[in-house]
Amino acid sequence: MHLAGKTVVLCVTGGIAAYKAADLTSKLRHAGAAVRVLMTESATQFISPMTFETLSGNRAVVDTFDRNFAWEVEHISLAKAADVFVIAPATANVIAKAAHGIADDMVTTTLLATRAPVVIAPAMNTGMYDNPVTQQNLQTLRARGFHIIDPAAGRLACGDTGRGKLPDTPVLIHGIEKALTPQDLRGQRVLVTAGPTQEAMDPVRFLSNHSSGKMGYAIAARAAMRGAAVTLVSGPTALETPADVTRVDVVSALEMHDAVLARADQQDMIIKAAAVGDYRPAETAPEKLKKGAGDLTIALARNPDILAELGRRKHPGQLLCGFAMETQNLLQNAADKLQRKNCDMLVANSLRDKGAGFGTDTNVATLLFADGHQESEPLMSKESLADTILDRLLAMQSEHK
Ligand code: PMT
């Protein structure tokens, strides 16, 4: 979460979804942001300013009632204080005013004065949302660089079914974080692999490993937050798909091989954080294997090495980042993998380091580069390591240009 220490100016306008802005205020504060709430007078018909004052710890400013000598100063100072300016829910009326520069209340005057990134979350009846005039106004705002969070579809308060619902709080928070994040990966296509593979012995049992998918999912989430078009090829995990990420589910190493290679040529960066099974049972029994009197021996067949194949097929300008999970001789084994698999970078992590490896929210890694230099990263969150990996790949890409 990158909202800590940021000031969010949250404008609540008059629709039934105004009540959801209370939860947004609360979650933003939990994330460490300061929240300053502005309301239109019609929003106060749906929810009381006191709710927002209690949740934000700041006075909620309501236009008409704030027309006093301090008003002029207040709208400019709030406009300047904002790291990000959010209108949620945004009615068709406030969207129309914003598109045409009309400033006739506290919300719209402050909006006109701010230089902060602006996030607009429309919420209204489907007919109003689909109306060409509303769509044209939204297009005008998009073209001006406003961040529009598309409404969700479903049953609306008016009884209609269609687009127009204010999305849930996590979607709004993601949109706000994205507006605050430099889009330095915009235009990049990034493929990430994550999680374990499962190699079936029979319909009931499989061989696998302890990967939770957290490392790969963190890379996919951060790349998408930074503006990349991200495809996540994922083995079986319990994790939710990160926002704005296209996820392709696979089970076995052979399935991962096919899913990755079918998409590899279109990618600018490929990051292989998955723990791929090196072997699979040579045969998968069609029915559950029954236990006999003695031991069971199973023949294992070698799985294809996806990373090595990607290294052979790499096109000019494409960057390939592998991982190495070791329990001994970490750097030596990792350097060997980097070279053998023709990677540009390799992230080496060891099960022996506390806070590193499978299942944790943190990792400790050494980054190895094709030119031979190495960089040791201290214990950090998988999210921070993901950003560091993406930073290094981006820097390599601009060096190559
Ligand atoms: O998922 P988490 O719980 O968050 O744990 C993260 C992690 C430990 C899984 C991750 O940080 C990690 O180290 N991933 C790679 C694990 C691994 O399989 O390492 P390896 O040394 O066996 O493989 C080396 C590289 O070759 C990896 O990029 C792997 O994706 C790739 N590989 C391996 C075998 C194979 N058949 N095909 C491959 O592409």
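This is a predicted model: local features need pLDDT of at least 70, side-chain atom pairs count only at pLDDT 80 or more; totals for chains, interfaces and linings use all residues.
Some ground rules. Residues are numbered from 1 along each chain as its sequence is written, and side-chain values use heavy atoms, without hydrogens or water. Local features need pLDDT of at least 70, side-chain atom pairs count only at pLDDT 80 or more, and totals for chains, interfaces and linings use all residues.

First, the helices. Helices here are DSSP runs of H or I with at least four residues, and strands are E runs of at least two, both numbered from the N terminus. H1 spans residues 20-30, and H8 spans 169-180. They pack at about 55°, with axes 10 Å apart. Axes are lines fitted to C-alpha atoms over the stretch in contact, and angles run from 0 to 180 degrees between N-to-C directions. H1 and H8 are therefore oblique; under 35 degrees is roughly parallel, over 145 roughly antiparallel, 65 to 115 roughly perpendicular, and the rest oblique. Contact means heavy atoms within 4.5 Å. Asp-23, Leu-24, Lys-27 and Leu-28 of H1 meet Thr-169, Leu-172, Ile-173 and Ile-176 of H8.

Now salt bridges. The rule is a Lys or Arg side-chain nitrogen within 4 Å of an Asp or Glu carboxyl oxygen. The count is 21.

Take Arg-226 and Asp-184, at 2.9 Å, N to O. They sit 42 residues apart in the chain. Buried or partly exposed? Buried is under 20% relative accessible area, exposed over 50%, partly exposed in between, with a 1.4 Å probe and protein chains only. Arg-226 is buried at 4%. Asp-184 is partly exposed at 35%.
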